[in-house]
Amino acid sequence: MSRGLQFSLVIGLLALFALFYQGLWGDPRSIPTVLIGTTAPTFTGPDVESGQTISLDQYKGKVVLLNFWASWCYECKVEHKDILRLHQQFKDHPNFVMLGINYQDELPDAKKYLKTYGSTFQHVRDIKGSLAIDYGVYGVPETFVIDQQGVIRHKWVGPIVGQVYTNLTENVITPLLNNTPPST
Amino acid sequence: MIIEIGHFSVVVAWVLTLLGIGSSIAALRSRNADWVRVGRIAVTLTFVLLFVGMATLVYAFLMRDFSVLYVANNSNSKLPFFYTVAAVWGGHEGSLLLWAFILSSFSTLAVWLHWRTQPTIMPYLIAVESAVMLGFLSLIVFLSSPFARLVPTPLDGKDLNPLLQDPAMVMHPPMLYMGYVGFSIPFSFAMAALFSGRLGEEWIKVTQRWTIFAWLCLTTGILLGGYWAYYELGWGGYWGWDPVENASFMPWLVGTAYLHSVLVQEKRKMFKVWNLLLIIVTFSLSLIGTFLVRSGVLTSVHTFATDPERGLYILIFITTIIGTAFGALIIQSKKLKSQIEMDSFISRESVFLFNNLFFLVAAATVFLGTLYPLMVETLQGGKVTVGPPYYNAVFMPIALGLLFLMGIGPYIPWRKASASNLKKNFLVPLIAGLVTVVLLLVSGIHSLYALAGGFVVGFSGSAIFLDFGKISKLYANREHVNLFKGFLKAFSANQRRYSSLVTHIGVLILVIGIIASTIYQTEKVVSMKVGDTFSIADYEMKLLNIHEVEGKNWTAQEGVFEVTQDNEVITKLRPQKRVYTASQSPTTESAIHAINMGHIFLTMPDVSADGVAVARGVINPLILWVWGGGGIMGLGVLLNIFRPRRREE
């Protein structure tokens with residue numbers, strides 16, 4: 001085996017293991033959206049329970065958490081308790097709003113879902129799925145955090161549980177509410 | 001209490017692997033054979049203890065002992081018996097224990113099998129096998145014990161992932177692990193050759209059967225995985241280039257290259273460094289595959305919990321093993337200069353060289369595609385997905401090249417082929433290949449891949465049949481028997497060669513199945529109500545009714561579809577949308593009808609409250625050839641493994 005070959009073999013292996021090492025600390029499921037750093041698309045839609053119109057514009061100047069869900073989505077049920085806990089944790093902060101977005105769902109199913117699992121905040125119906133298209137949602141649950149200036153600052157695909165919950169509350173929402181830049 | 005015995009056994013086994021390593025080193029230093037005996041005892045006892053460990057875990061599952069965390073997480077009181085046993089390897093901890101158990105049974109078998117004939121290799125074999133074992137047992141003992149208790153004891157378990165409740169899935173992990181672990185034996189022998197400096201052909205001859213056995217297991221494991229994906233996942237395909245599928249495919253590719261390339265060293269004493277490199281890469285890829293699957297570094301349908309700590313541990317462990325192996329190879333490679341140069345470009349040696357290159361390029365392609373998302377993320381922070389289009393585009397030509405070589409390799413002479421020899425052996429296959437293309441064109445097939453595939457299948461297939469025909473005739477004439485008896489005699493006289501050719505025939509059949517079912521698959525998704533009909537290809541499917549059915553641990557909505565062709569009822573298909581009671585997870589159960597070697601495949605992924613069903617029909621032509629080809633490949637390998645031993649071996 002020639003020197004050059006030996007050398008490149010060693011370098012190649014080192015690079016591979018370095019790559020694997022680096023890979024350990026990432027989460028392959030966290031997907032950054034091109035929308036991060038851009039102004040959140042505005043929307044209006046009927047409330048799932050009351051039917052009255054809700055618009056994103058009415059919450060300008062606040063930190064808004066959008067949670068896309070559906071009654072047919074299993075992982076949404078997984079995260080539901082934690083979503084309620086999250087709302088409980090921040091609901092008394094004057095600058096925090098949480099909105100559920102009901103994605104591609106039948107109204108009776110959605111209503112039944114909220115009745116069964118409980119709801120403490122408002123949910124907007126995304127009747128045609130067009131809102132989901134604006135936000136680049138391709139699976140539920142997905143969660144977005146919009147800052148006081150109306151800019152999308154964070155996105156998460158998958159349920160907000162465990163480590164994800166801690167990260168979202170401590171490193172994203174809390175700093176935003178304190179007007180310090182989030183660390184993710 | 002029982003489960004603690006299991007835990008204790010595994011801890012003692014861990015200590016024994018240390019003893020195994022220590023005694024082998026002592027044996028090498030003192031040159032005292034007693035130490036090797038100690039090593040053998042350590043290896044054997046490890047096997048016994050791990051057997052006890054496995055048995056206690058199986059027992060805990062069968063007794064529905066939900067005070068054991070792993071049992072509570074992976075089974076349920078309603079889980080059928082068959083799947084309760086399989087649930088042992090349904091999760092991370094248990095599958096690691098299975099890995100270790102298979103490894104210890106193989107190393108014990110190898111130690112006893114080769115004890116007399118390979119005394120000098122023994123200490124190395126024990127040391128390497130014990131080192132790999134130590135890595136897995138440490139992981140089990142310190143980070144992933146399946147024996148941990150759960151307090152308080154839940155009333156019932158969470159149930160086994162419904163997708164894993166499938167017969168093919170029961171056998172898929174053990175087969176795959178047997179493949180991975182099986183390659184550890186030739187790997188250990190190669191390491192022994194490197195460390196001891198006995199770099200001749202001996203280690204290759206000794207491990208020949210191990211190698212094909214490992215290859216058979218890995219192949220079966222991969223095929224079962226595909227079979228499972230096809231029947232259980234409900235998307236109508238069997239291979240999706242998912243990172244975890246790729247993780248098992250990469251060692252297969254390099255292992256297959258190794259399998260062929262050792263023949264050159266056996267016959268011509270060439271490719272020495274190359275073969276060592278190939279077996280090291282094969283086993284390294286098996287370990288890397290385990291790492292990729294278990295660490296959650298890549299996104300995949302096999303989403304297991306990600307745990308950086310475990311991942312880091314596995315990484316350190318595989319880095320040590322792989323680093324040592326490559327280090328030894330680099331240091332010893334000076335001694336390994338092949339004295340023999342290749343005589344001619346047109347020779348069997350060179351076909352084997354190309355075979356190797358093609359397999360390696362194929363493996364590199366898959367490797368790059370699998371790790372590319374990780375590289376991009378590390379270097380740029382962006383996310384990308386590499387999908388089937390990349391693999392199909394890059395992989396198909398390589399695969400066709402390999403199939404072509406398959407028609408040449410066995411018939412071209414060693415050293416140098418003459419023009420007359422080439423004409424004698426390859427004129428007919430070439431014509432057969434071209435005739436196949438013409439026939440395909442006439443029957444209206446114009447896809448380039450199908451035509452290219454047709455050519456290589458015609459070429460290589462006819463080369464094999466020509467060979468069988470000639471040799472059978474020769475034996476029939478010599479022994480004055482009929483052609484069939486001549487064939488049998490020829491086969492048993494050259495069983496190693498002809499069983500390999502049987503495997504080749506299996507490959508060709510498999511490839512025909514893959515090409516047909518990939519290129520000519522038709523698919524249709526419709527929403528329909530009871531009484532509606534939809535048509536796909538020349539079949540009509542009428543939804544007769546939707547009703548509830550109940551299994552032991554699930555309930556389902558079952559659609560009854562009547563399939564007709566030219567107004568003639570062929571069959572009724574009953575796809576289900578199941579919900580497993582314990583976990584409330586839904587699964588889609590496909591309904592399949594085999595017809596003309598192909599499948600009518602029907603799923604019903606959704607039924608809405610107002611009775612509108614979403615139905616998905618797929619027509620997969622010649623799909624049975626995929627499984628049939630796989631079966632013939634396996635038959636060939638079995639005939640190879642169980643061939644009678646001959647003097648020259």
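This is a predicted model: local features need pLDDT of at least 70, side-chain atom pairs count only at pLDDT 80 or more; totals for chains, interfaces and linings use all residues.
A residue is called buried here if 20 or more other C-beta atoms lie within 10 Å of its own, with C-beta atoms placed from the backbone.

Helix H7 of chain B covers residues 167-182, and at 1.5 Å a residue its 16 residues should span 22 Å, which agrees with the 23 Å between its end C-alpha atoms. This helix is mostly covered, since 12 of its 16 residues are buried. Among the buried residues are Met169(B), His172(B), Pro173(B) and Pro174(B), together with the run that includes Leu176(B), Tyr177(B), Met178(B) and Gly179(B).

## Chain B as a whole

Chain B contains 19 helices and 10 strands, and 50% of its 649 residues count as buried. For 649 residues a compact globule would have a radius of gyration near 26 Å, and the 27 Å found for chain B agrees with that expectation. Taken along the principal axes, the C-alpha atoms of chain B fill a box of roughly 80 × 75 × 60 Å. Of the contacts in chain B with a separation of 6 or more, 72% come from residues 24 or more positions apart.

In chain A, five strands form an open sheet with mixed pairing, in the order S5-S4-S3-S6-S7. Strand S5 (122-126) and strand S7 (152-157) of chain A stand at the edges with a single partner strand each, so one side of each is left without a neighbour in the sheet. From one strand to the next, the twist averages 20°.

Inside this order, strand S3 (residues 63-69) of chain A runs antiparallel to strand S6 (residues 142-146) of chain A, and five bridges join them; Leu66(A) stands opposite Phe144(A) in S6(A). Helix H5 (residues 163-177) of chain A lies across S3, S4 (96-103), S6 and S7 of chain A, and runs at about 170° to S7(A).

## Domains and two residues of chain A

The domain assignment divides chain A into domain 1 (1-28) and domain 2 (31-177), and the centres of these two domains, taken over C-alpha atoms, are separated by 41 Å. Phe20(A) is found in helix H1 (residues 3-24) of chain A, and it counts as buried because it has 23 C-beta neighbours inside 10 Å. Leaving aside neighbours within four places in sequence, Phe20(A) is in contact with Phe291(B), Val297(B) and Leu315(B). By C-alpha to C-alpha distance, Phe20(A) and Thr42(A) are 40 Å apart in space, although 22 residues apart in sequence.

Ser50(A) has its place in the loop between strand S1 (44-46) and strand S2 (53-55) of chain A. With 10 C-beta neighbours inside 10 Å, Ser50(A) counts as exposed, and its C-alpha lies 23 Å from that of Lys62(A), a residue 12 positions away in sequence.

Key
Residues are numbered from 1 along each chain as its sequence is written. Chains are lettered from A and ligands numbered from 1 in the order in which they are written. Two strands pair if DSSP finds at least two bridges between them. Helices (H or I, at least four residues) and strands (E, at least two) are DSSP runs, numbered from the N terminus. Axes are lines fitted to C-alpha atoms, for helices over the stretch in contact, and angles run from 0 to 180 degrees between N-to-C directions. Two residues are in contact if their C-beta atoms, placed from the backbone, lie within 7 Å. The radius of gyration is taken over C-alpha atoms; the globule rule is 2.2 Å times the number of residues to the power 0.38. Domain bounds come from an automatic or database domain assignment. The expected span of a helix is 1.5 Å times one less than its number of residues.
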